[in-house]
Amino acid sequence: MTQDFTTTEMRDARYVMHPLTDARANLQSGSLIVDRGEGIHVYDLAGNRYIEAMAGLWSVGLGFSEPRLVEAATRQMARLPYYHPFGQKGHGPMVDLAERLVTMAPVPMSKAFFTNSGSEANDTVIKMLWYRANALGQTRRKKIISRHRAYHGITVAAGSLTGIPANHTAFDLPLPGFLHLTAPHYRRNARPGESEEDFATRLAQELEDLILREGPETIAAFFGEPVMGAGGVLVPPRTYWQKIQAVLARHDILLVADEVICGFGRTGRMFGCETYDIRPDVMVLSKQLSSSYLPISAILLNERVFEPIADQTHAIGTFGHGFTGGGHPVAAAVAIETLRIIQERGLVAHVAEVGAWMQDRLAGLAGHPLVDEIRGVGLIAAVELTPARVAGDGAWPPGALGRRAVLHLQQAGVISRAMGDALAFCPPMIIDRDGVDAIVAALRIALDACLKEMAR
């Protein structure tokens, strides 16, 4: 059969290579083409409406087509459409945003450095840590500790931090010097009879043992998401972060909090660090910083990190790193307006209230034959599926049920994402209880459709 390459879908298949996609599969049918968005909904070219239950990529906190963000971008575009921060240059929106971020941080911070994505930001932090170690004469302190199932980005260095096999396979990653520990997923990784606190104690001891084995003087930092996102929405067990931080402090190892998903209200507090009492030396921010209307990310550094770097730049004459679009004035203006809206509309408190509703409503699916575990906090959740109770062990390969469930969910009018056999839910922070109920109702329809398929 001759393919019609005049449709947008098939032109997509012909000309676009997509991230995180089976390229061969896309050649056959192209992609779902999203044409417009409004509030919590997006619409395809045929006019079909979907609840965007992933807020794009965990990121459109204010929903789609927020007029104040459009106006902020338009005003700044007319005044100063572009400038850069290189060589002691700057502009007002970048300065205003840096001041706001540093002063609103949950722990004392000193400076903000701007990049364009979470991947670029984490990659930059790694370079900063190496630069700092050299400035201090600690030339062996270059190793970085992360965790299995962590997601910190996809550049070569940030991809090495990431602990997801699909992001490593065939890329020759991770690079040497990137170390990964057990993911803090209590249900999957705890031993029989082990309490959450005992599990946390064991993971802290695993960190201690790794540090002693590698040598504390060789470890630069530990990177962690307060709640692990793309790895499956893994909520830390009780006392986990307190025990991890105690080990790091004992060995003078820096802590980097990757707040790219959790930041700006997603967990029901302004930052995930507040939800779990984390006191980092570096914070990485992106996604909801501009509600993803424009690319922007920020790194916040405390004095302990910044001062040696500043000394080294003075000795060399420059900090030889930066991005053409870093701190872009239009993106910065949109981010400032985003933060204003979050504050003015009380969205952090709203997330705490509606998030509790979402967690409760999803918990009502716990008795479904295909549901293995439901986990989450605030407006971020995962529903882990298992085919074993219905089809037997090994009947469906890992990830197959998740892929089918996402397709049925899309047919029911909700866009989600499969992380293996776990379905992720991270809707715009403006969603209300009715929107949550619509997601849960569509999910039940999708799970029942999967059951019917398995019966056939």
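Author: Two strands count as paired when DSSP finds at least two bridges between them. In this predicted model, four bridges join strand 5 to strand 6, and the two strands run parallel. One of the facing pairs is serine 146, which stands opposite histidine 180 in strand 6.

Reader: In what order do the strands of the seven-stranded open sheet lie, and which are its edge strands?

Author: The order is 4-10-9-8-7-5-6, and the pairing is mixed. Strand 4 (111-115) and strand 6 (178-181) are the edge strands, each pairing on one side only. From one strand to the next, the twist averages 20°.

Reader: Which way do the side chains of strand 6 point?

Author: In a regular strand, side chains alternate between the two faces of the sheet. In strand 6, Phe178 and His180 point one way, while Leu179 and Leu181 point the other way. All four are buried.

Reader: How do strand 5 and strand 7 pair, and over how many bridges?

Author: Strand 5 (residues 143-147) and strand 7 (residues 219-224) pair in the parallel sense over three bridges. Two facing pairs may be located in the structure: isoleucine 144 stands opposite alanine 221 in strand 7, and isoleucine 145 has phenylalanine 222 as its bridge partner in strand 7. Helix 10 packs on the sheet and touches strand 5, strand 7 and strand 8 (254-258). The direction of helix 10 makes about 170° with that of strand 7. Helix 12 (residues 303-316) also packs on the sheet, where it touches strand 4, strand 8, strand 9 (282-285) and strand 10 (297-301). The direction of helix 12 makes about 90° with that of strand 10.

Reader: Where is proline 237 found, and is proline 237 buried or exposed?

Author: A residue is called buried when its relative accessible area is under 20%. Proline 237 is found in the loop between strand 7 and helix 10, and because its relative accessibility is 5%, proline 237 counts as buried. Leaving aside neighbours within four places in sequence, proline 237 is in contact with Pro184, Glu196, Phe199 and Ala200. Proline 237 and glutamate 197 are 40 residues apart in sequence, yet their C-alpha atoms are 6.9 Å apart in space.

Reader: What does glutamine 245 touch in this structure?

Author: Glutamine 245 has its place in helix 10 (residues 240-250). At 15% relative accessibility, glutamine 245 counts as buried. Not counting residues up to four places away in sequence, glutamine 245 touches Leu255, Asp277, Ile278 and Arg279. A polar atom of the glutamine 245 side chain lies 3.1 Å from the backbone oxygen of aspartate 277.

Reader: Which residues have the most contacts inside the largest nonpolar core?

Author: In soluble globular proteins, nonpolar side chains tend to be buried together. Here the largest nonpolar core has 63 residues, and those with the most contacts inside it are Leu97, Leu101, Leu289 and Leu443. Another core, of 38 residues, lies apart from it and has among its members Ile164, Leu179, Val247 and Cys426. As for leucine 289, its contacts beyond four places in sequence include Leu97, Leu101, Phe264 and Ile296.

Reader: What is the strand order of the four-stranded open sheet, and which strands stand at its edges?

Author: The order is 11-12-15-14, with antiparallel pairing. Strand 11 (371-377) and strand 14 (417-419) stand at the edges; each has a single partner strand, so one side of each is left without a neighbour in the sheet. Neighbouring strands are turned by 25° against each other on average, direction ignored. Strand 14 and strand 15 (residues 422-425) pair over three bridges in the antiparallel sense, and methionine 419 has alanine 422 in strand 15 as its bridge partner. Helix 17 lies across strand 11, strand 12 (380-385) and strand 15, running at about 165° to strand 15.

Reader: How far apart are the end C-alpha atoms of helix 17, and which of its residues are buried?

Author: At 1.5 Å a residue, the 23 residues of helix 17 (residues 433-455) should span 33 Å, which agrees with the 33 Å between its end C-alpha atoms. An α-helix has 3.6 residues a turn, so residues three or four places apart point the same way. Among the buried residues of helix 17 are Val436, Ile439, Val440, Leu443, Ala446 and Leu447. At the N-terminal end, aspartate 432 caps helix 17: a side-chain oxygen lies 3.2 Å from the backbone nitrogen of aspartate 434.

Note on methods. Residues numbered from 1 in each chain as written. Predicted model: local features only at pLDDT ≥ 70, side-chain atom pairs only at ≥ 80, totals over all residues. Heavy atoms only, no water. Buried < 20%, exposed > 50% of the residue type's maximum accessible area, 1.4 Å probe, protein only. Polar contact = N/O pair within 3.5 Å; in protein donor to acceptor, adjacent residues only side chain to side chain. Contact = heavy atoms within 4.5 Å. Core = buried A, V, L, I, M, F, W, Y, C linked by side-chain atoms within 4.5 Å. Axes fitted to C-alpha atoms, helices over the stretch in contact; angles between N-to-C directions. Expected span 1.5 Å × (residues − 1).
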